[in-house]
Amino acid sequence: MMKKFLSLLLALCLACGLCSFASAEGMRTFVDSTGREVTLPANITRIAISGPLAQIFVFALAPEMLVGVANAWDKSAEGILPTAYYNLPLLGQLYGGKGEMNLETLLAAAPDVVIDVGEPKKTVKEDLDALTEQTGIPFVHITTHTGTAGDAYRKLGELLGKQEEAEALAAYCENVMARAKKIADSVEKANILYVSGAEGLNVIAKGSYHAELIDMVASNLAVVDNPSSKGTGNEVDMEQILSWNPDFVIFAPDSIYSTVADMDTWQTITAIRNGNYVEVPMGPYNWMGFPPSVQRLLGVMWMEKVLYPEAADYDLYEEVKTYFDLFYHCELTQELYHQLTANAFVKE
């Protein structure tokens, strides 16, 4: 897909006469996470992002700089995010997903820089060098996993001249992860499955990028030969789920959470029979990831509160409220919190 994108981009740039860099005046050099030295404006005020993972990550630090979004906000964002961000141009995304980046919209938005955040693709250096050369717009990559979000925010703060604000986000990420690891190390880990899909037959496999926090917090029973890097996970059959027989099941949003209690096959599974299953909160993103961005901090706090309530002795509402203030720039009411977590705890 990337080669096709580059070809189309080159043709469009040549047609529009846009393949020229700004003058060296007022420019600086930034070294991104791949080691690339990228020339970009000294003072950045307009930014685009490469995909939904970057959208979540960057929105926390510099929402006022965004000239577009990679994908439309989920309907659950209504009433959560400030309305000023609902109508930003839709840019699409570089890697994966259902839609390619909208070339004309990107160029018309005239960002000072395009930011790619996440796990680096094997060809990321070549891809971003080519995009920078052909558009005249600097493209940078910032590597992050959930455990290194603090360092990634510091890098982003350096890029955008927002070091103080970035440090606050970095410290928050590191404190949440440090506490989560301490709790995880202090408990006997629950045997769980995270399942998704219309039939509940997709699992987030142990060792996959999407299972980072699941593997840290619990004993992930979903051991497969080739863990998928896709958000849909690995497809399995009911026989395999019955063989794993988890003590606890976490259902993705829009899965079969609401119907499994009436399904004979699922009732043979220990977790379902005992009522030990929940649905991941959704709003404005899936708290467990998908895309696997910084909102997974919400997921790890919630999952430990569900699985190990005595060890996770914090007030989850207060924790989530703080997150929403820092990362979504809005106040979370108790009413909205209860709506978002309606199916997120084991029923009494």
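Contact, as used in these legends, means heavy atoms within 4.5 Å. The structure is a predicted model, in which local features need pLDDT of at least 70 and side-chain atom pairs count only at pLDDT 80 or more, while totals for chains, interfaces and linings use all residues. Residues are numbered from 1 along each chain as its sequence is written, and side-chain values use heavy atoms, with hydrogens and water left out.

View 1. Leaving aside neighbours within four places in sequence, Tyr153 is in contact with Ile56, Phe57, Ala60, Leu61, Ala166, Leu169, Ala170, Cys173, Val294 and Phe327. A nonpolar core is a set of buried Ala, Val, Leu, Ile, Met, Phe, Trp, Tyr and Cys residues joined through side-chain atoms within 4.5 Å. Buried means under 20% relative accessible area, exposed means over 50%, and partly exposed lies in between (1.4 Å probe, protein chains only). The largest nonpolar core has 88 residues, of which Ile115, Tyr153, Trp302 and Phe324 touch the most other members. Helix α6 (residues 163-186) gives this core its largest share, 9 residues. A second, separate core has 19 residues, including Val203, Leu221, Met238 and Val249. In soluble globular proteins, nonpolar side chains tend to be buried together.

View 2. Helices (H or I, at least four residues) and strands (E, at least two) are DSSP runs, numbered from the N terminus. In α2, 10 of 10 residues are buried, among them Pro52, Gln55 and Phe59. The cover over these buried residues includes β3 (47-49), β4 (113-118), α5, α6 and α12 (316-328). Axes are lines fitted to C-alpha atoms, for helices over the stretch in contact, and angles run from 0 to 180 degrees between N-to-C directions. The axes of α2 (residues 52-61) and α5 (residues 149-160) come within 11 Å and cross at roughly 65°. The crossing of α2 past α5 is right-handed; a crossing is right-handed if the near helix is turned clockwise from the far one by less than a right angle, and left-handed if anticlockwise. Ile56, Phe57, Val58, Ala60 and Leu61 of α2 make the contact with Ala149, Ala152, Tyr153, Leu156, Gly157 and Leu160 of α5. This contact of α2 with α5 has 10 nonpolar residues, 1 polar and no charged. Here Ala, Val, Leu, Ile, Met, Phe, Trp, Tyr, Cys and Pro count as nonpolar, Asp, Glu, Lys and Arg as charged, and the others, Gly among them, as polar.

View 3. The axes of α6 and α11 (residues 296-307) come within 10 Å and cross at roughly 30°. That makes α6 roughly parallel to α11, since angles under 35 degrees count as roughly parallel, over 145 as roughly antiparallel, 65 to 115 as roughly perpendicular and the rest as oblique. α6 passes α11 in a left-handed crossing. The residues of α6 in this contact include Tyr172, Cys173 and Arg179, and those of α11 are Leu297, Val300, Met301 and Glu304. By class, 10 are nonpolar, none polar and 2 charged. The axes of α11 and α12 are 11 Å apart, at an angle of about 180°, which means that α11 is roughly antiparallel to α12. Here Leu297, Leu298, Met301, Trp302 and Lys305 of α11 meet Leu316, Glu319, Val320, Tyr323 and Phe324 of α12.

View 4. Pro138 is in the loop between α4 (124-135) and β5 (139-143), and is buried at a relative accessible area of 5%. Beyond four places in sequence, Pro138 touches Val38, Thr39, Leu40, Pro41, Asp112, Val113, Val114 and Thr132. Thr144 is in the loop between β5 and α5 and also counts as buried, at 5% relative accessibility. With residues up to four places away not counted, Thr144 touches Phe57, Val117, Gly118, Glu119, Ala149, Ala152 and Tyr209.

View 5. Most residues other than glycine have a negative phi, and most peptide bonds are trans. A cis peptide bond joins Gly283 and Pro284, with omega about -10°, and another cis bond joins Phe290 and Pro291, with omega about 10°. Asn245 has a positive phi, near 45°, and is partly exposed, with a relative accessible area of 30%. Asp254 has a positive phi near 65° and counts as exposed at 74% relative accessibility.
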